[in-house]
Amino acid sequence: MKVVLLADQGESLAVIAKFLFIDEQTARRHLQDYFDNEKLGGSSGGSVGKLSPDQATQLSACLVASDVVSAQSVVQKVKGLFGVKFSLSGMTDWLKNNDFSFKKSPPAPAKADPIEQLAFIAKYRALKDNLPEGNVLLFLDAAHPTMATKLGYGWSPKGERKIVATTAGKARVNVIGSLEPATMKLIATFPETVNSETLAEHFARLRRSYPRTRYDTLNIILDQGSYCVSMATLAEAVRLDIKLWHLPPYSPNLNLIERAWKVMNEQVRNNVYFPDAKIFTSTIRDFFLSRWNKLSKSLTARFADNFQIIQKPAF
């Protein structure tokens with residue numbers, strides 16, 4: 001309305017834009033909306049009423065159920081469904097006013113089963129709440145960080161982005177880790193490869209850390225990778241008084257040690273350039289053998305067992 005009134009007084013678009021702290025293109029669009037579409041307010045005021053309540057409800061349900069890559073695609077969808085034409089800015093405002101936001105979708109395993117996840121969580125709660133004296137509960141997994149520079153978020157001066165040196169080095173470190181959430185104790189081994197044999201060596205390392213003289217059974221939660229369910233692994237677990245609790249398929253969200261890999265990336269990998277494989281390897285090993293013990297007590301809130309369920313993604 002201010003643009004229209006100032007234009008009616010004979011002011012140029014340049015003067016109007018300067019006076020209202022907008023650009024000339026926006027001022028021109030407001031005038032065009034007024035003369036062509038009889039809109040007296042901003043784009044949100046003119047667009048909200050274009051859809052009936054039933055149409056708005058139908059559109060919202062449609063957008064929730066499908067992948068929306070742009071406001072322009074919604075403009076085309078509305079035109080096809082209802083024969084109603086929106087401007088791009090009007091549709092952007094409609095989306096905001098109806099509680100939609102533009103953000104990157106998180107990845108989720110396509111075969112994750114919410115029902116199986118819920119069943120496992122119930123089993124885990126029962127195990128944790130009734131853990132016999134002399135038993136220990138651990139989460140186990142393997143990670144394979146590589147030397148290639150891993151870019152991550154960081155603070156930069158407004159209007160600038162810090163440049164990070166990168167390398168495509170393929171050197172990697174294999175880590176098998178076991179985390180005891182109750183104490184935040186993390187035991188790591190660094191095999192040349194991860195298989196049934198090196199997992200058995202990790203089990204032996206765990207038994208040295210939790211000797212039979214003090215601990216009866218080690219309860220380990222782990223995934224269903226081939227080396228986790230092999231006959232050799234199952235036999236070694238029985239020999240060492242280790243009971244294995246396998247997660248449902250495609251459920252990394254239920255393995256607490258996955259969060260330790262994220263902490264590792266935050267602390268020593270994100271936006272870090274490694275000049276050679278030796279420095280990279282020593283940095284990763286030092287994190288698990290030294291730095292973790294110093295950090296772990298401050299991380300307990302991040303390792304609470306408030307598991308998130310992975311829902312089946314829409315196709």
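**Aromatic pairs in a predicted model**

User: How many aromatic pairs does this model have?

Analyst: The count comes to nine aromatic pairs. Keep in mind that the model is predicted.

User: Why is the pair of Trp-261 and Phe-288 called edge-to-face?

Analyst: Look at the two values. The ring centres of Trp-261 and Phe-288 are 5.7 Å apart, and the cut-off for a pair is within 6.5 Å. Their planes are at 75°, and over 60 counts as edge-to-face. So the pair gets that name.

User: What makes this pair tie together parts that are 27 residues apart in sequence?

Analyst: Trp-261 lies in helix H12 (residues 258–269), while Phe-288 lies in helix H13 (residues 277–295), so the pair links those two parts.

User: How do you know whether Trp-261 and Phe-288 are buried or exposed?

Analyst: Buried means under 20% relative accessible area. Trp-261 has 7% and Phe-288 has 3%, so both count as buried.

User: And why is the pair of Trp-292 and Phe-303 called edge-to-face?

Analyst: The centres of Trp-292 and Phe-303 are 5.8 Å apart, with 85° between the planes. The limits are within 6.5 Å and over 60 degrees, so this pair is edge-to-face. Both Trp-292 and Phe-303 are buried, too.

User: Which residues form one aromatic cluster?

Analyst: Phe-190, Trp-261, Phe-287, Phe-288, Trp-292 and Phe-303 do.

User: What makes the charged end of Lys-185 sit over the ring of Tyr-210?

Analyst: For the distance part, the charged end of Lys-185 is 4.3 Å from the ring centre of Tyr-210, and the limit is within 6 Å. The rule also asks for a position within 35 degrees of the ring normal. Lys-185 is listed as sitting over that ring.

Key:
Residues are numbered from 1 along each chain as its sequence is written. This is a predicted model: local features need pLDDT of at least 70, side-chain atom pairs count only at pLDDT 80 or more; totals for chains, interfaces and linings use all residues. Side-chain values use heavy atoms; hydrogens and water are left out. Rings of Phe, Tyr and Trp (its six-membered ring) pair if their centres lie within 6.5 Å; planes under 30 degrees apart count as stacked, over 60 as edge-to-face and the rest as tilted. Helices (H or I, at least four residues) and strands (E, at least two) are DSSP runs, numbered from the N terminus. Buried means under 20% relative accessible area, exposed over 50%, partly exposed in between (1.4 Å probe, protein chains only).
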